[in-house]
Amino acid sequence: MSGANRVAVVGIGQTKHAAIRGDVSLPGLLREAAQRALDDAHLTMDDIDAVIVGKAPDFFEGVMMPECYLAEAIGAVGKPLLRVHTAGSVGGSTANVAASHIEAGVAERVLTIAWEMQSCSEAMWALSFQIPFQQQLVAGAGGYFAPFIREYMRRTNAPDDIGILVALKDRLNALKNPYAHLHEPDITYDSVKESFMLWEPIRYSETCPSSDGAIAMVLASESAAEASAASSGVPPAWVLGTSMRSEPAMAAGRNQVSPQAGKDCAADVFRQAGITNPRAEIDVVEMYVPFSWYEPMWLENLGFAEEGEGWKLTEAGVTHMDGDLPVNCSGGVLSTNPIGASGMLRFGEAAMQVRGQAGAHQIDGAKKALGHAYGGAAQFFAMWVVGADKP
Amino acid sequence: MRDVAIVSVSQSTHQRSLDHLNEVEMIQPVIQGAFEQIDATIRDIDFVCSGSSDYLAGQAFSFVMSLDAVGAWPPMAESHVEMDGAWALYEAWLKIQSGHADTALVFAYSKASPGDLPRVLSRQLDPYYYGPLWPDSVAIAGLQARAMIDAGLTSEAAMAEIAHRNRTVALDNPHAQVKGSASIEELLAQPYLSDPLRVHDCPPISDGGVAVILAAGDKAHQWSKRPAWIRGLDHRVDSHNFGARDLTTSPSISIAADKAGVAHGKVDIAELCTPFTHQETIAVKALGLGDDCVVNPSGGPLAANPMMAAGLIRLGEVANRIMDGTADRGVAHATSGHCLQQNLIAVLEGEG
Amino acid sequence: MPPYDNDRVVVELTNPGWSQPEIHIPAGGGDGEPVQRIRVPAALRYRYNPGTAPTEFLLALANKKLVGGVCPETGDVYVPPRGVSPVVGRPTSGTVEIGPNGTVTTFCVVHIGFGVNAPPTPFVSALILPDGAAVSLYGTILEIPIEQVRTGMRLEPVWVDDDELTTSFENIKYWRPLDEPDVDPDLLKGHM
Amino acid sequence: MADGSSNELLEAPLVIEYPFMRTTGPVIGAFLTGLRDGRVLGITGADGRIVCPPVEYDPMTGAALTEMVEVGTEGVVTSWSWVTTVREGQPLQRPHALALIQLDGADTSMMHVVDAGTSDAMSTGMRVAIRWADEREGLISDIAAFVPAGAQ
C-alpha cells in the first residue's frame, strides 16, 4: 500500500456477545477481548507498543472519554492510547487507524479494541433524547433508514421478501458462531415474515439486536507478524488495503440508497489491494447490515453487483455460505450488535476467514476478504481488504 | 520518516460564551481562515481529522454536524477522535507518514458554555466509584495542587506568579479571553475558589476552536516560506487511579518528551496545555525545560481554554512562532483527562 | 410490547463465555446476594441555543413559514438551515422562504411510534421536499389511507392553531395530500 | 427574502438524564457488597501493595488482580481540597472537603468527601473515619462521608 510498511493481523479475540453481560464490568468486557487477542497472537501486554480504541457516542455508557478510565484494563499505561469515534463506522475506522501506526513505522505491534456495553443504557434513548426546538423523532431510529430501503425497492423492483431472506441467512449463520448474541435455532422464513412489523418494510427479525460486546485485534509489522505466526502457528492476515470516506448528512445530489462515499471507499480499497474484479477476487465479505435490506444495497454500492441487481444475488443464494460470494458468515450485525464494536467485528471476522480461524463458519480456502462498516446517515464508511498471501 | 510540517494555523477569538452560534457556525470561519492564510481550498486536502466531545455541549454526534463546515463533497477521507485536536493531528500525521496523504486539515472545537463544565467533567471518572460522587474538576485539580504544596514543589505564591505571567503575556494574544493581571499580592488576597486554588489558578471556561493544515515535503515549502516541521511527536497515558499514583509527577510527559526528542536541542519556547497553575510546574519539570525556555508566550490555557481545542492550539502557537521566525525550535504539549493523566508532546523546528 | 425489551435478559454464560478470574474474598461478609449490577442515575443540565441560522428558521416557523439557507456556490436551498452549506463548507448567503407545500421523496410505514407526539400506529413517516428546497424534511402524513401514500405525492403542512404557535418544529402537526398531480419520482432522487 | 434579523436569542433547557445500569464484575461487586455489609475491601496489587478501592487491573502493570483483603474503616487524609460551590449529586449538600483517604491497611488512597464543617478543620495527615449511610444498598454512596476520627 502506497509504499508504506506492511501490516498484518496476528491476533483476534472477541467476547461472547449478549444483551447484558452480567458477569463482567465494563473494564472486564474490554479485557476479555484484549486478552483473547493477545493469547491468539502468543503475545502479552508488554509486547504492545500502542493501544487504539473506538466506540460509539459516550452517552451510550455515560462515561465521557472512557479510554482514560479504561487505561489499566487494556494495558495502556505508559503507552500511546488513541480513541477514535466516527459513528457506526467507528469499529472499522479504529482498525484502520491502528493499521496506520504500523504503516507509518511508529509501532511494531499495536492492540486495537472496539466495544459497546449497550446494557448501560439504551441506544434508542441515547440516539433520540429530545433536543429543544428540534423535531421529535416519532418514527424512531429505524424510521430514519426505512424510507431509503423503500426507495431501493422502488428503484429496483425487488421482491418484498429479499429482506426476509437476508435475515434468515444471517441468523442461521450465527448458529455456527459461538460468540454471536442471537442464537435462534428455530428461526424460519415464516417466523421472520410473521415477526412484528416495525418500520414497514422492516420487520423486527430484520433488525439488529442491542448487544454488550467487544473485539480486539493485534496488528503487527511484517517481521513482528512473521515471528508471532511462527509462535502461534496461525498465519497472519495481511492487510492489503484500508480506506475511509465521509460525506455530509444532507447534500443536494446525495444518493442515500447508494452513497458516493461508499462507492469511493470501495474503489479506493480495491485499488490498493490490486483487485479489479471484486466479485471474482473477493472470497468472503463481512458487511455492516443492521437492517436486512442493506445487504443487497451494499452489494451494489461496493461494486459486487450492477446497480439494481444486488437483490438478485441475495435471492439466488450467492451470499450464502455455499454461494460464490458468502456474506456475513458470522451472522453479522443482524445477530450481534455492540454498536461501537460492530464495524471491527466485520474487519476481524474477515481476517479470521483468511487465517482459517472461523471454525464452523469458515469458508474453505478463503484468500481475500472484505471488511466493511458504515455509520451516521449512511455517510461514514471504513473498509479493509485482508489476504492470506503477503502482498 | 517523511518531513511533515504545520503550514497554517487559525483559531477563534475565544469567549466565555458564544450563545448565538451553533458549533458549525463557530468552527466554519476558523477552518476558512486556515485555508485563506495559504490561499488553498478543501480540494487541496487529502485527509481531514477533527477532535471534539459530545459531552461538553450535550450534543450527540456533534462531529457529524461539524463536517458541514468542511464541505466534504465530493466525499473525502475523514476521521474523528473523541479527544483533544492534538490527537487528531497525531492521526493525520500517521496518515501522511504512511503515504496515504500528503496534506491534511485538522480541527477541533468546543462549546463548554451550555453546561456546568466542572460538573460535566466528573463524567470522565471511574463510573462505579467516583462518578456517583460528582466531584467537580476544580476540586480534583485541588487535590493535585495540595499534593504539590505539601511536597514543597510549589506554593500558593509561586502559583500566583504563574497566573500573573500567563495573564500578562496574554495581553499580546489577540485570541485570548483573560488578558492582564492584578499584582501577585492582589491575586493572593483573593478568596479561594476551591482551597488551595483561587480563580487565577484555574482556566477560564471558553467557547472556541482551532484549525491547522499539515503538509509533507515540497507541498509544505509551497505553502509556507518557513514551515514548522514536526521533528518529534509522541503521546502517553498514566493510570486513571490518582489515589494510587504520585500526583506530583507526570511519567507520561517524561516518556513522551523522551520519545519526541525534546532534549535533542535547545528549546526556545514551550506551549504547555496546563490548565491549572500548579500543572505548569509539573510539566516544566517532566519536560526538563531550562530557564532559557519561554513558557506559554500565548498565555496558555490560563488565558483561554476551549476544551478539545486547547492542546491543538498549543501546537499552533508554537508553529506560528516558528513560521514567523521568532523561534527556531519549540515544544508543544496537550493533555486529556484529570490531573494531566494523558499527554502529547510535539517538537517543532524551523529550517536548518 | 416494545420489541427492544424482548432480549433484555442477563445471560447465563456457557462455553465459550469467559468471566473475570476467580477472586478470593476474605470471610466475614454478610449473607445477602452479592452485588452484580448497580443503578446509577445521571442528569446533566445544559442551556440549548440553536445558532443563528436555525434561529431564523424557528422564528419563521412561528409565523407558519419555512425558510432555508442558500448555498453561495450552487444556489441550492438547505432546510433546516444550519448556517453553512454542507457541500462547500461556506456560510449560506442568507435565507429564502420555501414551501410550505412539498413533495414526498420517500417514506415508510411506522408500526412502533416513539414519544408523546407520535400519532396512533400505523402511520406514515415521510421525507418531504418543500417547494424550492434541495433536501427533504421528515414529516408525518395523515388524512389519507396508508396504502395510497406514494413517492411523488404533493402535500401541504397542517399547522397547529395560531395561539399554539411557538418557535418549534412541532408547529407542523402533520402533512396532508394536495389535489395536485404527482411529481416524477426520478426527479426527486437527489433531494431526499 | 426572509430578512435575517435574528437578533433574538432562542434558549431552552436541555436535560440529558438516564438511570444507567452497570454490571460490576467480581471485584467491584465484592467491594460494593462489602460496603453494604459495613466493611471495606481492598485488593493486593502486583507489587504487593493493597489497593483500595480495589481495582480489577493493577494501576501500574495492568495485571489482573484477584486477592481481596479487608482494610480499616478509618484512615489518613493524603490530600484534600475545599468545595465551596456544592453541586447537584454530591454526597454533602454543604461546603465540604474532597479528599484522598488512605484507609488503615491500604497503600493507596480513595477519593471521597470529608464532612469537616470548615476548611480550617482540614489538614493533610488528619485521621478520618467512615460515616455510613443509614440505608446501605451496595453503592459507593453507602459511605455517606468521612468525618474527623472520633467525631462519627
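Across which strands of chain D does helix 1 of chain D lie? Helix 1 (residues 25-36) of chain D lies across strand 2 and strand 4 of chain D, and runs at about 150 degrees to strand 2 of chain D. Such angles run from 0 to 180 degrees between N-to-C directions, with axes fitted to C-alpha atoms, for helices over the stretch in contact. Helices (H or I, at least four residues) and strands (E, at least two) are DSSP runs, numbered from the N terminus.

The model is predicted: local features need pLDDT of at least 70, side-chain atom pairs count only at pLDDT 80 or more, and totals for chains, interfaces and linings use all residues. Residues are numbered from 1 along each chain as its sequence is written, while chains are lettered from A and ligands numbered from 1 in the order in which they are written.

The strands of chain D form an open sheet of 3 strands in the order 3-2-4, with antiparallel pairing. Two strands pair if DSSP finds at least two bridges between them. Strand 2 of chain D is joined to strand 3 of chain D by 2 bridges, and Ile43(D) stands opposite Val51(D) in strand 3 of chain D.

| Strand of chain D | Residues |
|---|---|
| strand 2 | residues 40-44 |
| strand 3 | residues 50-51 |
| strand 4 | residues 68-71 |

Chain C is divided into domain 1 (49-98) and domain 2 (100-192), with bounds from an automatic or database domain assignment. Their C-alpha centres lie 20 Å apart. In domain 1 of chain C, 13 residues are in contact (C-beta atoms, placed from the backbone, within 7 Å) with 15 residues of domain 2 of chain C. Helix 1 of chain C gives the largest share of this side of domain 1, 3 residues.

Note on methods:
Contact = placed C-beta atoms within 7 Å.
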